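Have the coordinates open while you read.

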Amino acid sequence: MSLERRPLPSEVRAALIFLAPALLVIGLFFLLPIGASVLLSLTDFDIYALGDLGNVRLVGLRNFARLVGDPLFWISMRNTFYFVFVGGPLTLGVALGAALLLHSRLVRWKGVFRTIFFAPYVTTLVAVAIVFRYLYHPRFGGLNRVLELLGIPAIDWLGDPRWAMPAIIILAIWKNFGYAMILFIAGLQAIPVSLYEAARIDGASGLQVFRKITLPMLGPTFLFLGIMTTIGYFQFFAEPYVMTGGGGPVNATLSTGLLMYKQGFRWWSMGYAATIAVVLGLVIFVFSAFQFSIEKRRTA
């Protein structure tokens, strides 16, 4: 008994036709590079292999074993986690505060302030990093001049291992909070006014309204911004590359992305660099899935 293949419904065929260009682009520029990175991480691909592919050897999981015993990798992961778990919440906190301020009825010229706060986000990161490097200058920087006026001793922001990462986090907050602010404002505007009116009638305080209405209703916005901020901050690279000469002082700002760049394009150890990329991708995936699970339990 032969089974006849039923033709696809016209709606399915139309959907596949419209999705085909996007799926092709995703496959070529996303899935294919990921697969190539995984395969590359299983080899000892280096500068000699660039000249002759016959020099490439399959080493299996040897690169991953080397990664476990590499102290520079663990230093870079510590710095990266520090940047993500301090800079990320601070960025979203500043963005939420700015959004609440601009959403209130007390502020005038809201469009002007939104433009001013959003402008750093669309400014080239390298240009911003160079400007901040001069602001952080230990003798002539504008930030230390302000501290001196307040009677606070000057700080070697980028030369002191204790202050180098906080200095980069300050830059990241200033650079990125405007984008999150715009999305928070959109989320605030989507909250029904009737909920606030009912809460005021019931005698709820401002803090209670914020905790019981504003924050829960902003849950989807927090989820999206939390995931996007986590992904972006785990991959931070340009800030230490431009501001601290490649991860200094004494590797205090060496990020995992920067270590991957050094291994691949400074020391030409492409296979090992691909291994770092695979591990970093897995870390990002785990933390993104964790945030999804938290939001799912909250809304269940």
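Asp-44 counts as buried, because its relative accessibility is 19% and the cut-off for buried is under 20%. Keep in mind that this is a predicted model. The partner of Asp-44 is Arg-57: the two form a salt bridge, with 2.7 Å between the closest N and O atoms. Arg-57 has 54% relative accessibility, so it counts as exposed; the threshold there is over 50%.

Where do Asp-44 and Arg-57 sit in the chain? Asp-44 is in the loop between helix H1 (10-41) and helix H2 (47-51), while Arg-57 is in the loop between H2 and helix H3 (62-68). The pair is 13 residues apart and links distant parts of the chain.

How many salt bridges does a search of the whole structure find? The count is two. The other pairing joins the side chains of Asp-160 and Arg-162, at 2.9 Å from N to O. Asp-160 is buried, since its relative accessibility is 16%. Arg-162, on the other hand, is exposed at 64%, and this arginine is found in helix H8. For a sense of scale, the C-alpha atoms of Arg-162 and Pro-33 are separated by 37 Å, and these two residues are 129 residues apart along the chain.

Here are the two bridges side by side:

| Asp-44 (19%, buried) | Arg-57 (54%, exposed) | 2.7 Å |

Two packed helices are described by the angle between their axes and the distance between the axes. For helix H6 (residues 125-135) and helix H8 (residues 161-189), the axes come within 11 Å and cross at roughly 135°. That angle makes H6 oblique to H8, because only angles over 145 degrees count as roughly antiparallel and 65 to 115 as roughly perpendicular. As for handedness, the crossing of H6 and H8 is right-handed.

Which residues make the contact between H6 and H8? From H6 come Leu-125, Val-128, Ala-129 and Phe-132; on the H8 side they meet Leu-171, Trp-174 and Lys-175. Sorted by class, this contact has six nonpolar residues, no polar ones and one charged residue.

Terms used: Residues numbered from 1 in each chain as written. Predicted model: local features only at pLDDT ≥ 70, side-chain atom pairs only at ≥ 80, totals over all residues. Heavy atoms only, no water. Axes fitted to C-alpha atoms, helices over the stretch in contact; angles between N-to-C directions. Helix = DSSP H or I, 4+ residues; strand = E, 2+ residues; numbered from the N terminus. Parallel < 35°, antiparallel > 145°, perpendicular 65-115°, else oblique. Left-handed = near helix turned anticlockwise from the far one by under 90°. Contact = heavy atoms within 4.5 Å. Nonpolar A, V, L, I, M, F, W, Y, C, P; charged D, E, K, R; others polar. Salt bridge = Lys/Arg side-chain N within 4 Å of Asp/Glu carboxyl O. Buried < 20%, exposed > 50% of the residue type's maximum accessible area, 1.4 Å probe, protein only.
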